[in-house]
Amino acid sequence: MNNFAQMSDPLNETINAIFATPVLRVALILVAMFVAQKVIDFVTNRYFDRAYEAQAKKNKIKISKKRYDTLSRAFRQVASFIIWIIGIFAILSVFNVNVAALLAGAGVAGVAFGIAGKDIIMDLYVGMMVLLEDQYRVGDVITIDQDHGGTVEEITLRTVRLRDIDGNAHIVPHSLARAIINKTYGYSNVTVELGVAYDADIEQVKQLINSVGLDMKQDEQYKVFMEPITYKTMLRFDESQMTVRAQGKVQPGKQWSVASDFRVRIKQAFDSNGIEIPFPQRVIRQINEDASKATKKSSRKK
């Protein structure tokens, strides 16, 4: 026993010496941070997936899967930020940095930062409100003022990243999003304006619009309709046509493809029934000045 104790003492001293090495302790902290991040990511994804599945089984108001994905991503970002803060302080303590004094200094610096970084604080606050109030989610098509619009690709606590139709990425701080238009929230309207000739039979136009809209809704290809496209109103009298409006209700984000297909079908229906979609017509009168002068001279001679 004495021999074993004598052998174990050098081993313990060696192990303690190894773990006392700052580099190894820092490496262990980084590994612990990595493992903690992966565990939180797994638990968070699992929790929100199960929450969505449980909610989807109920016959209550459904919350979009996009909201769960957005909340899950935001929660992971917050958790990652906390892990890094704890890890940085743990690493500083390894090198005998006075963390308490650092925190006291950070409190003073925080006041100055709060004054200088009020826009960042506002970004974080508005970002939290966006997530809590479910204003928009990843995958929604939104417009922020006149300069920024597109599909939401990512929402962080400070910014929202949009991808417009040209492929441009718009990274907009939340504090700039004073007024937001969400084009894919809950449902979308298919709104199509059609021009027909003045001699067209309006009742026939109504019947064709309603018929084409109902056929599309009953088509197995289209399972996105909530309400079929129907004739709504005589919108206005234009220079060379009467403009009518047709409208239907579809699932969010499907309005553009459905509107395109409806235009193709209604054009075919109008052609088959002799209803003209007119183009602007103008009467142009050309006067030949030389011929006009010659006519005037001959009339004077007489």
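## Overall architecture

Among contacts in the chain between residues at least 6 apart in sequence, 62% join residues at least 24 apart; contact here means heavy atoms within 4.5 Å. The chain has 8 helices and 8 strands, where helices (H or I, at least four residues) and strands (E, at least two) are DSSP runs numbered from the N terminus. Of the 302 residues in the chain, 29% are buried. Buried means under 20% relative accessible area, exposed over 50% and partly exposed in between, with a 1.4 Å probe and protein chains only.

The model is predicted: local features need pLDDT of at least 70, side-chain atom pairs count only at pLDDT 80 or more, and totals for chains, interfaces and linings use all residues. Residues are numbered from 1 along each chain as its sequence is written, and side-chain values use heavy atoms, with hydrogens and water left out.

## Nonpolar cores

A nonpolar core is a set of buried Ala, Val, Leu, Ile, Met, Phe, Trp, Tyr and Cys residues joined through side-chain atoms within 4.5 Å. The largest one holds 27 residues, of which L194, V205, I209, F225, V258, F262 and F270 touch the most other members. At least two residues of this core come from each of strand 6 (188-196), helix 6 (202-218), strand 7 (225-237), strand 8 (242-250) and helix 7 (255-272). Leaving out residues up to four places away in sequence, F270 touches L194, V196, V205, L208, I275 and I277.

Another core, of 15 residues, lies apart from the largest one; V126, Y136, I155 and V160 are among its members. In soluble globular proteins, nonpolar side chains tend to be buried together.

Strand 3 (residues 159-163) pairs with strand 4 in the antiparallel sense over 5 bridges; two strands pair if DSSP finds at least two bridges between them. The bridge partner of L162 is H170 in strand 4. The two strands form a hairpin with 5 residues between them, and G167 in the turn has a positive phi of about 90°.

Apart from neighbours within four places in sequence, T159 is in contact with E154, I171, V172, P173 and H174.

On a 1 Å grid over the protein atoms alone, a pocket is an open set of points where a 1.4 Å probe fits, with protein on both sides within 12 Å along at least five of seven lines; lining residues have an atom within 4 Å of a point. The largest pocket holds about 190 Å³ of space, a volume being the space filled by probe spheres set on the points, which are joined across faces, edges and corners. Its lining consists of V141, I142, T143, G149, G150, T151, R163, D164, I165, K183 and W256.

I142 lies in strand 1 and is buried, because its relative accessibility is 0%. Residues up to four places away aside, I142 touches Y136, G149, G150, V152, L162, I180, I181 and N182.
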